[in-house]
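Subject: Structure handover

Hello,

Here is the structure I promised to pass on. Please open it first, then read my notes below.

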Amino acid sequence: MMFHPTKHPTSSPKARTTLNAQALACRRGQRFLFAGLDFSLEHGRILILRGPNGSGKTSLLRLLAGLSRPEAGQLFWCGMAVPPSGAGLSEQVHYVGHSSGMKAAFSVTDNLRFWARYLGGAEDRLEASLEALDLEALAHLPVGALSAGQQRRVSLARLLVAPRPLWLLDEPTVALDSDNQHRLTGLIQTHVQNGGMAVIATHTPLGVDGANLDLRDFQPEAQHMAHDPLLAFED
Amino acid sequence: MLAAFFSLILRDMRLGYAQGGAAGLVIAFYAITISLFPFGVGPDAEILARIAGGVLWIAALLAALLSLDRMFQADFEDGSLDSLTLGPLPLSLVALAKALAHWLSMLLPLVILSPLFGLMLHLDGASMRVVLIALLVGTPALSLIGAAAAALAVAVRRGGALIALLVLPLYIPTLIFGVGAVEAVSGLGSVSANMSFLGSLSLIFAVLGPLAAGGALRLALE
Amino acid sequence: MHWFANPARFIRLADKILPLTLPLTVGLLAVGLYLALVASPADYQQGDTVRIMYIHVPSAYMALFCYMIVAAAGFSTLVWRHPLADVAGKAAAPIGLAFTGLALVTGSLWGKPMWGAWWVWDARLTSVLVLFFLYLGYMAIWGAFEDRSKAARAAAILALVGVINIPIIKFSVDWWTTLHQPASLFRADGPSIDPSMRPPLYVMLAAFQFYFFTVFLWRIKGELAAIRLNALRYAGEAPRSASPKEEQP
Amino acid sequence: MNDFLSMGGYGAYIWACYGLVLIVLLGLGIVSWRTQKTRSHRADALKAAQPRRRPGATLGTSSKVQP
């Protein structure tokens, strides 16, 4: 599958997309999940997030997708600063979380056709996406009737229906059987070879080579109180 | 951008009528609520005719309230709200699209059926037409400002009951001018004045509702 | 504007102001009561019930005034993300609710001798009733969230939606009451406040204003103390030099 | 004094109004005042009971990601 980014600052296929993070910090309630997080990622590269449950992997992925605002720090997409609303980056991103993001009442094809149209992809990619994840047999079944593994493959199919440079995958191998995991690895490698990028939070090895980032290195050692402006007189 | 907007409206409308969709329930609720009134105030034609406008409007308000809860909650629970945010539309336009889809799938059928229920309430021909137009012009406001309350309720996780408290005070102007238009037929005030207020309410809320809903949805995503 | 953001500085300022506003409140209230109950004449038309107006009108005014404070706090929470604004909104709402409740009750107690009905669907009373529900909605939002900063922003959104709707509601209620009460003999806020009624009214209003400001500062200090208490209790739990251990998500 | 209390026959309503207003305002005032007093005392007590934290605890180390 040729990958060609649609609306994109530099529209050439081999775009030099880069994602940089400086001193990112994320707070949950009274506590910092991580702080002072820096990383940089260019096209054709993969970043694998490690760390125990609750160390902030999902929060970091949602932050990169522009679904939440960082407590501190700044994100740069292709060198341009990303505003807190995530505008400019959100349109370049796919986020595959734990829930399928599909309507249970609709069939697999209806769901994917909607996402193709909504996310600015092309409906002619539908067949190729179903084929890539071995979903042709289930195409007309309502997503609600599918197993967790099958639903996971449908949400992964959305990555192919509307091509975007940056994939954010949150434990994508969950509920996938072994040969589907190979299929996933193949998809990621093809995406990356075509100039795409990916940030993947995973516990199981994916068989793709990429830089590792362990969120435990960025936990503040002292359980420092999250900086709540209304606590300023605690210093 | 526009294609995404309309595809979202179409999807939500189809959702309303798909298996598990609430559209059918809302219409049934509207019918049952209206038919309760004669049991309450008595079958006397003269009384029913006088309060018919109020009955039709209050039933429409409650029907809208009933269906607001699912406007964003379903998308929040199955994760599609995340992907909708990553689409080309800003969150306020997503809210506008969903509010319009809610109006088209949930409230428009009520408006079309209202003359039928008007008959049950001995409404005369002239007021029947006015009620139909008033509902057509005024009910969009219910979905539009309702979207803001529904979005706030999503951020609260189990906020369904909260919606009624948040939105009913804001429905009062629509109710006043809606019923006012019907009563104007029998000489109490002017129909066109009430209609123009009703229409302006829908327009004001067409801006205010989605803006507030967009902000509230961003809260829910955090 | 951000000079204000530091709570310690705010509390020092409040502690300077409070010794002024508290005696002023008490003094004005005493003078107001004296003027309202003793010094002013009974109205030729209403008799002594006009004295109820001296607290009904200020209460209704304060009910709206407090909502404006809540909306202003909401605006600065959303636009300037001013941390103190979250707390100010939450502090002002209960006071506003109290004034709204008082306006409703005094309005009803005034309606009974005048028109023989405990509740009259008149323009002012109906608007105050709707305002009461707006307050309930605002405070329900605060109660519904665990995370303070999320609650503040959600409540701010509702407050702004509410404040934009207040003139709309006021207009539609006035339209509705004049439609259904063509020539009501006596409107709740009186045909015209003749000169002799003004002193007690203004003094009572001033007393209520200072009362609001005093209790408002107290409540903000209370909210800040609650945040500090929560943070300290939280810090107290987590052992200070713990190595980063497994945390529950 | 008596006619003052009767307020031209409307005494009941007038005193009910003024009484209620004073009770509610006084009550709200006292509750607000007391909560802020007790809370700040408790906070001071908790703070005093807590060992001094190392001033200026830094917010996590920032190290480049391993290649």
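Leu78(C) is partly exposed, with a relative accessible area of 32%. Leu78(C) sits in helix H2 of chain C, which covers residues 50-78. Together with Phe75(C), Val79(C) and Trp80(C), Leu78(C) makes a nonpolar surface patch of about 380 Å². Please keep in mind that this is a predicted model.

Now the inside. The largest nonpolar core has 228 residues. Leu19(A), Tyr118(A) and Ile188(A) have the most contacts inside this core. Helix H7 of chain B, residues 125-155, gives the largest share of the core, with 18 residues.

What does Leu19(A) touch, leaving aside its neighbours within four places in sequence? Its contacts include Phe39(A), Leu41(A), Leu64(A), Phe76(A) and Trp77(A). Ser40(A), Leu166(A) and Met197(A) are also among them.

Next, the interface of chain C with chain B. Here 27 residues of chain C are in contact with 30 residues of chain B. The size of an interface is often given as the accessible area lost when the parts come together. For chain C and chain B, the buried area is about 2,500 Å². Carbon and sulfur atoms give 81% of that area. On the chain C side, Lys150(C), Ile157(C) and Trp175(C) lose the most area to chain B. Together they account for 21% of what that side buries. The count of salt bridges between these two chains is one. Glu222(B) forms a salt bridge with Arg153(C), with the closest N and O atoms 3.0 Å apart.

That brings me to charged pairs in general. Side chains of opposite charge can pair when their charged atoms come close. Over all chains, the count comes to 22 salt bridges. Three are worth a look.

- Lys103(A) and Asp75(B) form a salt bridge, the closest N and O atoms being 2.4 Å apart. The pair crosses between chains. Lys103(A) is in the loop between strand S6 (93-96) and helix H2 (108-118) of chain A, while Asp75(B) is in helix H4 (residues 70-77) of chain B. Both residues are buried. Lys103(A) and Asp75(B) also belong to a network of salt bridges with Arg11(B), Asp12(B), Asp78(B) and Lys98(B).

- Arg113(A) and Glu123(A) meet in a salt bridge, at 3.7 Å from N to O. Arg113(A) lies in helix H2 of chain A and Glu123(A) in the loop between H2 and helix H3 (125-132), so the pair ties together parts that are 10 residues apart in sequence. Arg113(A) is partly exposed at 28% relative accessible area. Glu123(A) is partly exposed too, at 36%.

- Arg153(A) and Asp134(A) meet in a salt bridge, at 4.0 Å from N to O. This pair links distant parts of the chain, 19 residues apart. Arg153(A) is in helix H4 (residues 148-161) of chain A, and Asp134(A) is in the loop between H3 and H4. Are the two partners buried or partly exposed? Arg153(A) counts as buried because its relative accessibility is 9%, under the 20% limit. Asp134(A), at 37%, counts as partly exposed.

Best wishes

Terms used:
Residues numbered from 1 in each chain as written. Chains lettered and ligands numbered in written order. Predicted model: local features only at pLDDT ≥ 70, side-chain atom pairs only at ≥ 80, totals over all residues. Heavy atoms only, no water. Core = buried A, V, L, I, M, F, W, Y, C linked by side-chain atoms within 4.5 Å. Buried < 20%, exposed > 50% of the residue type's maximum accessible area, 1.4 Å probe, protein only. Helix = DSSP H or I, 4+ residues; strand = E, 2+ residues; numbered from the N terminus. Contact = heavy atoms within 4.5 Å. Patch = residues over 30% accessible without salt bridge, like charges linked within 9 Å, V, L, I, M, F, W, Y side chains within 5 Å. Areas by Shrake-Rupley, 256 points an atom, 1.4 Å probe, with all protein chains shown as cover. Salt bridge = Lys/Arg side-chain N within 4 Å of Asp/Glu carboxyl O. Buried area = accessible area lost by both parts, 1.4 Å probe.
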